[in-house]
Protein chains: 2
Amino acid sequence: MTFADWNILHQKTHSGLKISLKNYCESWRMNVELHNIRDFEVVPEECTDYIGKYVRSIQYKADSERATEECLVYLSTSCNLKKDGRDAWVFDIDDTLLSTIPYYKNNLYGGNKLNVSDLEDWMSKGKSPALEYSLQLFNDLKSRGIQIILISTRREYLRSVTIDNLVNVGYHGWAGLILRDSANELVSVAKYKSDARKQLIKDGYRIWGIVGDQYSSFEESPSCTRGFKLPNPMYYVA
Amino acid sequence: MTFADWNILHQKTHSGLKISLKNYCESWRMNVELHNIRDFEVVPEECTDYIGKYVRSIQYKADSERATEECLVYLSTSCNLKKDGRDAWVFDIDDTLLSTIPYYKNNLYGGNKLNVSDLEDWMSKGKSPALEYSLQLFNDLKSRGIQIILISTRREYLRSVTIDNLVNVGYHGWAGLILRDSANELVSVAKYKSDARKQLIKDGYRIWGIVGDQYSSFEESPSCTRGFKLPNPMYYVA
């Protein structure tokens, strides 16, 4: 539904709600984060300016930084680390450790339909900047003796550029980097990621938390693992 | 962490993020909705004004209305109703069908710690207004032949005032109203609600969706039932 349609509809309905374009786009973004709006392919055309402003704003940083701080609150209030080298934490890569905003900046902040080979070309340049708050959390967890495992939907052929990019912006010392190979490209992202976590648990890891920007990073989690979702109104991974 | 502490911390950290009080309160609210901030007992003192403004704003209405619209999108794209009188939809009551904002207005919009008997006194007056978008959804679902079941943490002794309040503001024709009795007051809200849903499924209902303002309304859901969370930054039910 477009913004115009929304306003026409609501003049007709009982609530008669008249909203501004900003109200409309903000409610779109909020409902993406609430996981009420799913499977969208593009940011609504009339909201690309709004979303672009948001992801460049201090609010986006504050929202994200707060999410990473809650990881530490959770760790210090709810977790009894065994410190036997098997305490683990899982991170996504894109828009969790590294930002793809420079790429999406040239693609209407999610307003253009995803072109995978175009995005992979950009990734292979290895120029993704770090998300500073995630780098801080990464280092904090590492200093507590927690094993850090990266599980990403990036494909295997991008392994060496991905490692270079991570190291160049300050990430190092992770315990595992799991990328997608041709076998698991056939299943959903949620299943690929939960299968990877199941294997880690089989290998003896206790996964205390997962940080990602997509609900598909947490779904089918073992129930004692808690997810922390970073905001991402730019795209949806099913 | 207070707003002042947050700013001091972030001047010291690598990111050096300086934010306004509005940024701080908005990131608090966003992370409540993301389910990253859990188990809070009160809205942070410095954010009660901000939260009060939000729940009285057109943005709160737009955010909520969008959530209820997505229920209809989901129904028409993902559900094959059997229309045998066993298609069902579950609603919470407080801050889903009826608003408690008039009560919280007198309690610093969540800034005062919950006083249950005080809240129940207010409920027993039966003066909760309807949330218009929820009433529209309720009526729309009913007109499609879907059975509507209300599952609330309100206690049994409030049954007759609750029914009166619902009917007075326009809700009627539900198929079930499940309230908390002394037996299930001992378990968590999530378990009480999921047990109630399991019983409904045993009784032959197919629950297509749940509308609520708390994550505890959806947890332990059967996997083919999808939850839709309305915004509620005022309080947290574990």
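The paragraphs below go through the pairing of two chains in a predicted model, then the bonds that cross or lie within them. Because the model is predicted, local features are reported only at pLDDT of at least 70 and side-chain atom pairs only at pLDDT 80 or more, while totals for chains, interfaces and linings use all residues. Residues are numbered from 1 along each chain as its sequence is written, chains are lettered from A in the order in which they are written, and side-chain values use heavy atoms, with hydrogens and water left out.

Chain A can be laid on chain B by a turn of 180° and a shift of 0.0 Å along the axis, with an RMSD of 0.0 Å (least-squares superposition on the C-alpha atoms of residues with pLDDT of at least 70 in both copies). This is the relation of a two-fold axis. The residue of chain A that comes closest to the rotation axis is A:Leu34, whose C-alpha lies at 3.1 Å. Both copies use the same surface, since 100% of the contact residues of chain A recur in chain B.

In numbers, 43 residues of chain A are in contact with 43 residues of chain B, contact meaning heavy atoms within 4.5 Å. The size of an interface is often given as the accessible area lost when the parts come together. Here the buried area is about 3,800 Å², and carbon and sulfur atoms give 53% of that (accessible area with a 1.4 Å probe, summed over both parts). On the side of chain A, A:Met30, A:Asn36 and A:Arg66 lose the most area to chain B, together 17% of what that side buries.

Between the two chains there are 6 residue pairs in polar contact, both residues at pLDDT 80 or more; such a contact is a pair of N or O atoms within 3.5 Å, where within protein one must be able to donate a hydrogen and the other to accept it, and residues adjacent in sequence count only if both atoms are side-chain atoms. The elements of chain A that give two or more residues to this side are α1 (3-12), α2 (21-33), α4 (58-78), α7 (132-143) and β5 (226-229) (DSSP runs, helices being H or I of at least four residues and strands E of at least two, numbered from the N terminus).

Which salt bridges cross the interface of chain A and chain B? There are 2, a salt bridge being a side-chain nitrogen of Lys or Arg within 4 Å of a carboxyl oxygen of Asp or Glu. A:Glu26 pairs with B:Arg29, the closest N and O atoms 3.9 Å apart, and B:Glu26 pairs with A:Arg29 at 3.9 Å, N to O. The latter runs from helix α2 of chain B to helix α2 of chain A.

Note on methods: Buried area is the accessible area (1.4 Å probe) that two parts lose on being put together, summed over both.
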